[in-house]
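Here are my notes on the model, as numbered points. Please read them with the structure open.

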Amino acid sequence: MSEMTAEQAWIAKELSWLSFNERVLQEAADPSVPIIQRIRYLGIFSNNLDEFFRVRVADVRRLAAFSTPSKQEDYKALMEEIHQKVLKLQRRFDATYSANLKELRRRKIYIVNERQLDEAQTEYVRGYFHSHIQQELVPILLDDTNPMPELNDASIYLAIKLSYEGQVRFALLEVPTTRIERFVRIPGRKGKRGKVLITLENMIRVCLPQVFRGIFPLDSAEAYTVKLTRDAELELSEEVTQTFVEKMAQSLKRRRKGDPVRFVYDAQMPNDLMEYLVKRLGLGRLDSMIPGGRYHNSKDFMRFPNLGPAYLDAKALPKIRVPEIDAADNILSCMREQDILLFYPYHSFDYLTDLLKTAAIDPAVKSIRISLYRVASNSHVVDALLNAVANHKEVTVVVELQARFDEEANIALSQRLTDGGVNVILGVPGLKVHSKLISISRQEGNLQKYYTHVGTGNFNEKTAEVYTDFSLLTYDQAIGDEVAKVFDFIAYTYKRHEFKHLAVSPLNSRERVLDNVQGEIDAARAGKECGITLKCNNLVDRELVDKLYEASQAGVPVRLIVRGMCSLLPGVPGVSENIEAISIVDGYLEHPRVYIFRNRGKPKYYISSADLMTRNIDFRVEVTCPVYSPVLQKRIQNIIDIQWTDNVKARMIDASQSNDFRPRKKSSAKVRSQLQIHSYLATGKLPRLPKLDYRPRVKLKKGKKSKKG
């Protein structure tokens, strides 16, 4: 590796994000992963890529268009790098898809196209088309005299070329996947074993002439799948006469007409149809045009059915009970005795809803305050809050209307809560409220006592089944008082509070994290125990990255577990040779934020709602909370240590962005951290883990190999 300066040791977050999605694609290609789960990983990859273009590429595209001339060239170069990387990933996706189809066929599960049907299957498809599909179709004939229809970027379309009497017409047809399942099971071939699926768009292809029946004497009809991705950024006007909800609703309507940022098309599409669509859609040189196969919107693979035996799918891990809670009279009395740390999905989210249900009917509870960013449809959390109002509690809910892609759901949620008598606060002007807080006020004698929740994930029963997240439940009145102050800050944004225990964005989070890193630098220089462990989703804040480089150069061992974007480059001589980083991609999505500082042998432990991104540190309401219980500190350390030793699902993050799996010695046992953590929480027994060294490392000149002191 050529020598880099700290300024050069940086990768654009967009390229780092694509590296993360490549790790998801690795799981789709891993033969050790059950085949149905591999197919669903293809869906996750595709869904991720859709959001990437809607949000991150859209941002770069705007910067490339509107920055100063010198910066424009940098952003255009980045757009080209993104485009080339996406094309490479698309080729890998297509190869992985083909390999997985072959594996499905080996298991007697077939996905067929319209050309592979026998006569009986074709007749079945025609019958299904007439009874289920035809009435849902709304074909649009295209011509230059009428406006181009606005394509919905959540849908796929068939771009159709119609030939008749020597003439050619073009049409568009939305495939109704929101109303009909994308994968339809049909009878197998006579005399052959197996289960057969066909996609909805291929069923339409079988019956395409009937869609245009009686309109043209068709000679031929050809259909090619296309998909348009639009800029998802909400542009809120500053008109003071509108309420925030009204402005949000109008912005959501504009999103449906946002500028195109990606056009994915069937590479077999004829040139005349392709050129017509590019012209009419107004696609330009800053728009990504991605050729692919016949199938787009592969996010639908996330719902791919298992038609075979159970072992073809991933096996769910059983929920682990929390004996302390189960043995207590109720969860509030348990919290009075000890702090509780729940770790989803290993523990059941039902414990959290039980907390709210208990508070709702406890006569001594006077008020409940909670911040909601994303909730499940038919949420038990929301039901418990409405029940609390019915039981004469004062309930305040902070609803973040700007939760990306959940804005419409949150507008409806805020209305439902308001109608139910809840005091609803619609976020903070200029700041997203991303903290995961509950504050329950209970009258105990002459005193008001707080029962408090601080978490790393949303109050969402559905995502709690697949996202790993921590929930701290505490009766610590100092923390409870400060969480109450956070709610006060949200309600009265310009009212200032002092926070001794919590780090609260945008007030003091940056100062706290930089101070903690500086403390480890000072310890290393004094020859004392030191070390930094950060587990997060994204690490892209420039000031923090530079501070971690400074820590590395001072000899502080820095260990990073970063699921997604990581602009920091570990292992760069003279810059970051004391920094190691891994990313774990497995059946559960790694979501907690955990920050550990060795603090000269008296470690500090924090859980947080905040990723290490500038927006989270400076432009959101986030909360980082210390964990004071020695029992829970040890549990967090053990969990992080298990993850750090993962040699099955951990990939190395390095300057090459190669996503190599962490090497494992032949003599070493396999450590798949998600399974080992489940075993540890269920039994209390730890696997044998290597002892980590927290001595400061010798500071070396550039280019020399790092040694431990």
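1. Burial first. Of the 709 residues in the protein chain, 58% are buried. Keep in mind that this is a predicted model.

2. Overall dimensions. The C-alpha trace of the protein chain spans about 85 × 70 × 60 Å along its principal axes. The radius of gyration is 27 Å, and a compact globule with 709 residues would have one near 27 Å, so the two agree.

3. Secondary structure. The protein chain holds 19 helices and 26 strands. Two of its loops come up below, one with K108 and one with K393.

4. K108. This lysine sits in the loop that runs between helix 3 (69-106) and strand 1 (109-112). Buried means under 20% and exposed means over 50%, so a residue in between is partly exposed.

5. K393. Here the loop lies between helix 12 (380-390) and strand 12 (394-399). Is K393 buried or exposed? Its relative accessibility is 9%, so K393 counts as buried. The cut-off behind that call is 20% relative accessible area, as buried means under this value.

6. K393 and T533. How far apart are K393 and T533 in space? From C-alpha to C-alpha the separation is 41 Å. In sequence, K393 and T533 are 140 residues apart.

Conventions
Residues numbered from 1 in each chain as written. Predicted model: local features only at pLDDT ≥ 70, side-chain atom pairs only at ≥ 80, totals over all residues. Heavy atoms only, no water. Helix = DSSP H or I, 4+ residues; strand = E, 2+ residues; numbered from the N terminus. Rg over C-alpha atoms; globule rule 2.2 N^0.38 Å. Buried < 20%, exposed > 50% of the residue type's maximum accessible area, 1.4 Å probe, protein only.
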